[in-house]
Amino acid sequence: MTALERAIAHPAPVPGIGTRSPVDGLERRSVGFVDVLAQSVSAVAPSAAATTIPLLVAVVAGGATLWSLAVAMLIALAVATTVNQFTRRIAATGSLYTYVTRGLGTGAGFVAGTATLIGYGFIAMFSLAGAGYYLSILVGRVWPGATSPLFAIVCIGLMALVVLVVIVRGIRLSTRLTLLIETVSVGIILVLVVTLLVATGPGIDWSAFDVGGSTPATFAVGSVLALTAFVGFESSATLGVEAKRPFAAVPRAIVWTVIASGTLFLVASYSQIVGFSALGLDLVGSGSPVNDLATAYGVEWMGLLLDLSIATSFLACGIASTTALARVLFAMGREGVVPPLVGSAHPRFRTPWVAAAIAVPVVAGVPIAAIALGSGLWETMETLIVVAAAGYITAYGLVCVAAPVFLRRIGELTAAVAVRSITAAALLGVGLVVYLSVEFAGERWIGAAVFVLLLGAGSVLSMLRRRRHPWLLDTVGVYDVPVASDVLGGGAGDAPGGGPG
């Protein structure tokens, strides 16, 4: 027997290795890169965003729509590479919440945790409402007059049930179903894009890049709105515990999602702008741009496919966003920030089923309540996206501040990372202030007010809980650690369990 064979057969004891991870219960090291990538891609919902965000941005930014999207893509890429300073070192279900806690401490961590829950939760609400909106359009095409507020409420309720079942049944079912939906949906969008570009003739229509009519303020707000097209790209970080190679798969998934989605957004937006321009019309004047363009360019049959693909893309986004939301709640349950029961995992499916069972009714209940109170679906979506965007931007800004502090503490900070993260944090901070100021002065002030109230209430409640339970200082920021079964000789370790380290 060689020395290597003896070492494998009778490994030397490794002290300090516990038998259980702090996030024990989830199916550790079980999903591959495709599943990890699917989580980020589905949370972004590129096909749904490519057909809805250009109009929202154009209403504010005017001729600077493409430039706003380009700036948003660069900011998202800067945030993505900053987030990856953590994903290469920490495997956690808490995502941005955990990263900020490890960098800036529990106070900032609670604010980031609240903002992250707001972001994931309200984008999931927006997605279910969006799916209901486009299903209503689809059904209205086939059976005019058949749609009603009750129809939308029933659709959202049924889709919420699907979301809950998929999340509880297992992460691979969730990621593969959403990836299939997004792949088909993006394919349909690309067919329309090619149709428009061929119909409008060869060459580049430079008028699409004309910033006439835009001001610095509208450009800034347009860029923040455009950034909402990218939110969720980091959600694959919530699968850090379940990914087979988290320190490689998660960083790649995050960056690839931003680059691929940003490219699609720019191409889709350009095709919509030049498509309307060739007709002598304006994108802003359309209620449903892709449907109007499909009809105008003789491919009305594609409108049915587009409505169906956008609706399913929104559903995929709802599944992915609620998946991330449930895992952040799961981490908080394990830490004691919320009741420990929330940190329970399903014994068979190894998923955060209690957190999902709490999250899904709330995610579905808010848009259903808004519709029942008389709000239109599109108006509801506009309000929900304001809350979600502010939550994400707050969490992104905090993680950009936390990264250089964390890296300096462990002696791995470089000048390039410091400049990039601080610049991104400054841009996000300024953008958030301008964005909220404009929204408070506009018709969607309710969304801005809801965000401020929820962020303040969540942060205060977290602080009070920490004051009543000082031991939270030692438990908040939990992440996965090696256990005895992961290493040779680990079984002889003298530690009863892993800790956050």
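**Helix packing and a buried serine**

The crossing of α14 and α16 is right-handed, meaning that the near helix is turned clockwise from the far one by less than a right angle. The model is predicted, with local features needing pLDDT of at least 70 and side-chain atom pairs pLDDT 80 or more, while totals for chains, interfaces and linings use all residues. Residues are numbered from 1 along each chain as its sequence is written, and side-chain values use heavy atoms, without hydrogens or water.

Contacts (heavy atoms within 4.5 Å) join T383, V386, V387, A390, G391 and T394 of α14 to I446, G447, A448, V450, F451 and L455 of α16.

Turning to the loop between α1 (3-9) and α2 (33-44), S21 is found there. With a relative accessible area of 6%, S21 is buried (under 20%, 1.4 Å probe, protein chains only). Beyond its neighbours within four places in sequence, S21 touches R28, D480, V481 and V483. The S21 side chain also makes a polar contact with that of D480, at 2.5 Å (N or O atoms within 3.5 Å, one able to donate a hydrogen and the other to accept it).

Definitions and conventions. Helices (H or I, at least four residues) and strands (E, at least two) are DSSP runs, numbered from the N terminus. Buried means under 20% relative accessible area, exposed over 50%, partly exposed in between (1.4 Å probe, protein chains only).
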